[in-house]
Amino acid sequence: VAQFVTWFIVARYNDAQARRLIDEELQQAATAFERLVAYRNTLLATGASTAARDYQVKQLFVDEDVPTLKSALESIQLVSESHVVSAVTVEARTLASTLDARPGAGLYERLIALAEADPRANPTASGYGYLDQRLYSVVAAPVRAPDIIAWLVIGFRIDRDLAADLKKITGVDLTFFNAAGDPLASTVGDLVARAVAAELPR
């Protein structure tokens with residue numbers, strides 16, 4: 001009995017220690033994720049604001065020259081090392097984009113509303129949203145002539161590459177899930193990611 005009690009206490013102690021370590025690693029990973037996304041969003045916001053001030057880019061918005069505008073967006077995407085660049089009207093309608101994908105419901109409307117609430121002279125906004133079922137972190141910056149005539153939206157995917165970057169920083173394997181508990185990106189195999197998904201609270 002004494003041996004069982006000792007084992008039970010040690011087991012409970014080890015279990016508590018393991019949970020604390022897991023919680024600490026999760027917090028570290030969450031903090032690293034927030035910092036990495038914030039850093040990338042800052043770079044994208046700077047790139048979007050710079051591109052939006054370019055006279056030739058502004059003229060393409062004014063003329064609604066979609067083919068040429070799309071070509072310009074592709075150049076912006078290349079320079080910014082982003083995964084998507086979209087020209088969005090003040091009514092949140094996609095004018096042109098480097099990605100042939102439909103934005104998730106209300107994505108651009110939410111971004112524009114956040115940016116319009118920014119009191120700075122050059123407002124920007126960032127957030128998360130889906131483009132054809134893939135999660136992106138996106139940033140919006142205004143195109144002025146001189147009033148706001150449109151928005152430039154730049155974003156990057158929350159994908160396996162990002163998860164791998166975070167693993168290098170934290171040393172922790174990571175899996176991103178959507179609200180339904182489906183894996184979006186992971187540093188582990190699909191079978192493991194789905195096994196973890198099955199254990200998530202519903």
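**Ground rules.** I number residues from 1 along each chain as its sequence is written, and side-chain values use heavy atoms, with hydrogens and water left out. Because the model is predicted, I require pLDDT of at least 70 for local features and 80 or more for side-chain atom pairs, while totals for chains, interfaces and linings use all residues.

**Fold.** I looked up the secondary structure and found six helices and seven strands. Helices (H or I, at least four residues) and strands (E, at least two) are DSSP runs, numbered from the N terminus. Along the sequence I read α-α-α-β-β-α-β-β-β-α-β-β-α.

**Overall form.** The radius of gyration is 22 Å, well over the 17 Å that the globule rule gives for 202 residues, so the protein is more spread out than a compact globule. That radius is taken over C-alpha atoms, and the rule is 2.2 Å times the number of residues to the power 0.38. The C-alpha trace spans about 85 × 35 × 30 Å along its principal axes.

I find 36% of the 202 residues buried. Buried means under 20% relative accessible area, exposed over 50%, partly exposed in between (1.4 Å probe, protein chains only). Contact means heavy atoms within 4.5 Å. Among contacts between residues at least 6 apart in sequence, 48% join residues at least 24 apart.

A nonpolar core is a set of buried Ala, Val, Leu, Ile, Met, Phe, Trp, Tyr and Cys residues joined through side-chain atoms within 4.5 Å. The largest has 37 residues, and Phe61, Leu69, Leu73, Leu152 and Leu166 touch the most other members. Elements giving two or more residues to this core include α1 (2-52), α3 (66-80), β5 (148-157) and α5 (160-170). Helix α1 gives the largest share, ten residues.

**Leu69.** Which residues does Leu69 touch, not counting those up to four places away in sequence? I list Leu60, Phe61, Ala87, Leu95 and Ala96.

**Second core.** I also note a second, separate core of 15 residues. Among its members are Leu107, Tyr108, Leu111 and Ile112.

**Thr89.** I then turned to Thr89, in strand β1. Is Thr89 buried or exposed? Thr89 is buried, at a relative accessible area of 7%. Leaving out residues up to four places away in sequence, Thr89 touches Leu95, Ile112, Ala150 and Trp151.
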